[in-house]
Amino acid sequence: MLDPFAALGDRPRVELATLPTPLERAPRLSRELGVEVWLKRDDVGSLGLVGNKVRKLEFSLGEALAQGARAVVTLGAPQSNHARATASAAARLGLDAVLVMGGERPAGPPTGNLLLDALFGAEVIYAGTREWAQLAARVEAVAEERADAYTLPAGGSTPVGALGFVAAYGELLGQLDSARVPARHVYHASTSGGTHAGLLLGHALAGAGPRPVGFDVGQIVPDARGLVTWLANEAGALLGADVALTEDDAHLDLSQLGDGYGAFTEAGIEAVGLLARTEGVVLDPVYSAKGMAGLIADARAGSVDGPVVFWHTGGGPSVFAAGWGEQLLSAP
């Protein structure tokens, strides 16, 4: 049988993540929810306190090095997991990292991901605006000042970056097969679309396995489902794959948005506390907490059958951001 993921081997790639990341059963959470839950642990590994963004960076920065880049410029909110992962990957690869952050410089010493950005030696530029389009324009302006820069959008979500999660889907299939777990769905947080797109394309290439279910945690683009579909199809084209995914293929749930990107929700805070108490695993309140909140809501409503996989996308360092602890400890 032909390997549907073989073409990934033809793409430039750097080794950044410790793979495969663990797939672990969550027995106490499963009993709590009445659904068999498995955790795909992208929150553990070796580089920069890890997270799902590292998978995208393996391909994106592999391309950057192949093109002769000596710097990488990207953007994010001040506690951006992607920005922190980019800073750590750049440090390992000997690249300069320039991070364009939304808003104004926070008062006091850096905390959470911002502390790590500083430790990794990244240059941080505060744009004075939180508008994503304006942040992207600032990235391009910074990159134009140096000819050796490689740029990345929010979340590192490009067709090249999405290849990291095509490979990840193949990794998950192998683990599910070895564990003899017939999972039907894989739940995850979705924002900039790259993770979702890669899983969607991986599922299409395999023609089998659990269906990705994304929960939009920020609605940072007006047509998120369209973006996910475009990224998946463009990533497929990079692999020479014969795929034509439509927006109907992208299962993107908006029920956990709350007040938008970066805004905590009661359901998300409850999810942080529940997983911490039952499994000793920490979620971040911006991304993975809202994805888990979606799984919890579906389980309690009886609308999901197990086994189900929750893809933990990481983000743990952000829980140490200034002022966040009091909100997280309000969990019931």
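## Exercise 1: A strand-to-strand pair

E24 is partly exposed, with a relative accessible area of 32%; here buried means under 20% relative accessible area, exposed over 50%, and partly exposed in between (1.4 Å probe, protein chains only). A word on the basis: this is a predicted model, where local features need pLDDT of at least 70, side-chain atom pairs count only at pLDDT 80 or more, and totals for chains, interfaces and linings use all residues. Residues are numbered from 1 along each chain as its sequence is written, and side-chain values use heavy atoms, with hydrogens and water left out.

Task: find which side chain meets E24 in a salt bridge.

Solution. 
- Start with the rule: a salt bridge is a side-chain nitrogen of Lys or Arg within 4 Å of a carboxyl oxygen of Asp or Glu.
- The partner is R41, at 2.8 Å from N to O.
- E24 sits in strand β1 and R41 in strand β2 (residues 37-41), 17 residues apart, so the pair links distant parts of the chain (strands are DSSP runs of E, at least two residues; helices are runs of H or I, at least four; both are numbered from the N terminus).
- R41 counts as buried, at 12% relative accessibility.

## Exercise 2: Reaching back along the chain

Task: explain what the salt bridge between E63 and R11 ties together.

Solution. 
- The closest N and O atoms of E63 and R11 are 3.8 Å apart.
- E63 lies in helix α2 (residues 53-66) and R11 in the segment before β1 (23-25), so the bridge joins parts 52 residues apart in sequence.
- E63 is buried at 18% relative accessibility, whereas R11 is partly exposed at 21%.
- By the salt-bridge rule, the count comes to twelve.
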